[in-house]
Amino acid sequence: MLSLIRPVGGSICFMTYFRPRGLSREKKKLWLLNRRSETKVQTVRKPTRETKKFACHVIKMAANLNNTMDDTDLEMATPAGSSSFGEAVSGRGQSASGEEEDDELYYIPERRPSLDLGPSPMDTSQWHYVDQASLPALGYWSMTSEESSDDITDKDGSSTRVQLDRADSFSSCYSMDSDDCEKRIPKVKNKDDTPVEPSDTPELIRDPNEKRHPSMTVKFTFKAICTTLGKLSEGDIRTFKRMLWKRYPQSFNIPPQGMDMVDLVDRLLECYDLEVSMQITKTLLEAIGQKKLVRFLETLCLRNEVRHDLCVTLKSKFGEVCEGSQGEKRPLDDVFTDLHITTTCDNGPNIEHEVMTIPKLDSNREEGKLLSTKDVLSAKRLERSSFKLLMIIGVAGSGKSMAVRRLVLDWMEERSHQHVAFLFPLLLRDLKQFEGSKISLLQILNTLYPATKKLREEDFTSEDCKIMFIFDGLDEYNGKLDFHNTDILSEHTDVTTLNVIVVNLLRGRLLYRGLFVITSRSQVQRYIPWDTPYDEIDVCGFRDSEREVYFNKRFRDPDQAAQVIAYINSCKTLRIMCHLPLFCSLVADEHERIFRQPGAQAELPRGLTNIYTKLMLTLIRQQRIFRAPDHSPDKEREFLTKLGKLAYNMLEKNQFKITKTDWKETGLSAEEAVINSGLCIQYITKPFVLFQEKVISFIHPTMQEYMAALYVFLSFRNQGKNIFEQHLKQKVRGILKGHKSIELYKNAVDRSLLCEDGKLDIFLRFLFGMSVKTNRELLKPFCTSSFKWSAYTEDAAALIRKKMSENQNPARNSNLQRCLEELGV
């Protein structure tokens, strides 16, 4: 008898070959040669009882070596007093019992190799191919995307690379005392063989034509089964493991009582595909009477499918951003720059100025904590605060909508807010399609996000299913928010008007378990009732370091990005205004247009007026179309003229806050200036302990100076009025306007030189810049006359040079030099 102990796949395989007795030495050699070359069935004598007992002894010895033997080790087990194990039992000695040998023959599987006792190398021609074991599968907890599960998926659709089919191989625990040990005939496995599940139980049978939902990934399946089994008691866990061992011995041939939860589920997913693993779990849970956990597991699968389909919709809507004048779509990760978000609000405008030193306005002087979009309604924030309503406020163009995009994308890619089961961004401009019709919140969600049709009633009211709503641009909502006389609505299935739905959502009466994030411009008091608790954060745009990051991301060519950054840093006013992401975008658009021009002669713009004019037009036209679409050109011109007059009067007084008296004198509404145009900002000051005051100012002092220059320019163009002349005679107004234009600018320069504090320096730059042809074309819709500025640039440049030679103030001369740059000379 020849015996071989060989480790196979981490277990000990004991292989025994029985050689016939009573053969001469020559016949024995011939038998060995035939044993090596035969491919058909071979026969041996039946082993004796002593041989069986010795084989059991060898198995016990091999078990002790299991942890120390290498996969390539090959050892001969030799009993005491024998030179070799083969010599001890091969027939060279006498049988201990002296029993006669039986002629009954037994089949030996041909895949078992014979042991070579001769000097020639072992013949391996008849050995069957066995794939080398793959590396252990990755831990399922470490997989963070569906791509991770794809990396470990074989072409045949198996869930892991490690394929265990132990029904076709001998178990390491198979008893050698049984006479059936040699009767079990294993199936020969080839490379092209596909693993077939040996069991015909219903849960192990899967329809090959059934398509797997993309949301059914290894990561989700592993986490769902672990979460479900984690709700079992210790006794139920032991019962579950015992049933796994009894019902599926081909996979759990060792009692799994010593396995922890991770190893148990890992083993299950190694042996079966994802759907079968789920079905096995449900079958065993039902067998132990845990039908609630079966429904819990089914709920997890349903919500996972809805989440996946919802993420597909959100990815197409928020995953890309249109950048540049050409409208090129780029991934959000490629262009998004971190924003300056703080926990303190009512901070007032940015008052940093190139020329003047403006004292801090009466606003919030407390330094807030810096936040990121991941901290908006995070689990930690909810633990510290009971507020479920959060306001994100900021001036026009500060990056509120980009912050919403970042929040949505982070939730989709599981970077933040994973305590939220579903996230629904609801743009107020999208909700306008439901105005004037009877509809419910559920119907709105089903229309905007069809994946929600699968959700059930308990999914909207369950404590373990958090839903977050994001209302982006509440300042664009034109409905009347009456918090006192609006009907109460508590069911998301009740049909009513859009206004009732919005009001009850803001009051917290509808979906009281939900979380709500609302973005709006600075005037927010009319949106939230006084008795509704809420928290608020402020989006302040970019800081200095973030501006450069933005341009480096915006321009793919590093040289172009470096040129734009150098241009921004060359002018302090441009650098200050680039704290607004909208302003940065306008600067980048202008430079992209220049870089596309052929030849190397394309020069970067040197003036401020062009960028400020485009900023003003973007705010009052492109962005107000959702707030006041019925605004006529005449009303728009009248509004700009009145607001510019107010800006000029405030500039003369060194005033940067608009009081209630100012609003009454000009006849303007705060809503038009703050909400519709976005040129102004509202904040709350606390000059006294128990007193609060709503204050309005321009989004930046330089915007106030620009509006003042626009007022002077439009007054001259449309009315022929020189505001610097207090006592103009009627006959003087009849003089040719070509001469009066020079008089206007001569008076403006003289007035500016009289101000030692430089309060009219930036104003003067804008006034000269508005006379340039490109800027006149942009402002043409606001002009009612057909006055032509012939040969104005040369005359204005000569005037400035003359004043520079006459004036000895270096600061004023430096500003006059900037005026020449505005003229492009």
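Modeller: Gladly. Two strands count as paired if DSSP finds at least two bridges between them. Please keep in mind that this is a predicted model.

Biologist: What makes S10 and S11 a pair, and in which sense do they run?

Modeller: S10 and S11 are joined by 6 bridges and run parallel. The pairing rule asks for at least two bridges, so S10 and S11 qualify as a pair. As an example of a bridge, Phe422 has Ile467 in S11 as its partner.

Biologist: Which strand does S11 pair with over 4 bridges?

Modeller: That is S12: strand S11 (residues 467–472) and strand S12 (residues 515–520) pair in the parallel sense. Here Phe471 has Ile518 of S12 as its bridge partner.

Biologist: What is the order of the strands in the open sheet?

Modeller: The order is S8-S7-S13-S9-S12-S11-S10, which makes 7 strands with mixed pairing.

Biologist: Why are S8 and S10 said to stand at the edges?

Modeller: Strand S8 (370–371) and strand S10 (422–427) each have a single partner strand, so one side of each has no neighbour in the sheet. Helix H12 (residues 400–412) packs on this sheet and touches S9, S10, S11, S12 and S13. The direction of H12 makes about 160° with that of S11.

Biologist: Why is the pair of Phe555 and Phe595 called edge-to-face?

Modeller: A pair of aromatic rings is described by the distance of the centres and the angle of the planes. Centres must lie within 6.5 Å, and planes over 60 degrees apart count as edge-to-face. The structure holds 17 aromatic pairs. For Phe555 and Phe595 the centres are 6.0 Å apart and the planes stand at 80°, so the pair is edge-to-face. It links distant parts of the chain, with Phe555 in the loop between H17 and H18 and Phe595 in H20, 40 residues apart.

Biologist: What makes the pair of Phe724 and Phe763 edge-to-face?

Modeller: The ring centres of Phe724 and Phe763 are 6.4 Å apart and the planes are at 65°, so this pair is edge-to-face. Phe724 lies in the loop between H25 and H26 and Phe763 in H27, so the pair ties together parts that are 39 residues apart in sequence. Phe724 and Phe763 are both buried.

Biologist: Why is Arg554 called buried?

Modeller: Arg554, in helix H17, has a relative accessibility of 4%, so it counts as buried. Beyond its neighbours within four places in sequence, Arg554 is in contact with residues including Glu323, Arg330, Asp589 and Glu592. The C-alpha atoms of Arg554 and Glu323 are separated by 8.0 Å, although these residues are 231 apart along the chain.

Biologist: What stands out about the phi of Glu414 and of Asn654?

Modeller: Most residues other than glycine have a negative phi. Glu414 has a positive phi of about 60°, and Asn654 has a positive phi of about 55°. Glu414 is in the loop between H12 and S10, while Asn654 is in the loop between H22 and H23. Glu414 is partly exposed at 38% relative accessible area, and Asn654 is partly exposed at 39%.

Definitions and conventions. Residues numbered from 1 in each chain as written. Predicted model: local features only at pLDDT ≥ 70, side-chain atom pairs only at ≥ 80, totals over all residues. Heavy atoms only, no water. Helix = DSSP H or I, 4+ residues; strand = E, 2+ residues; numbered from the N terminus. Contact = heavy atoms within 4.5 Å. Axes fitted to C-alpha atoms, helices over the stretch in contact; angles between N-to-C directions. Buried < 20%, exposed > 50% of the residue type's maximum accessible area, 1.4 Å probe, protein only. Phe/Tyr/Trp six-rings, centres within 6.5 Å; stacked < 30°, edge-to-face > 60°.
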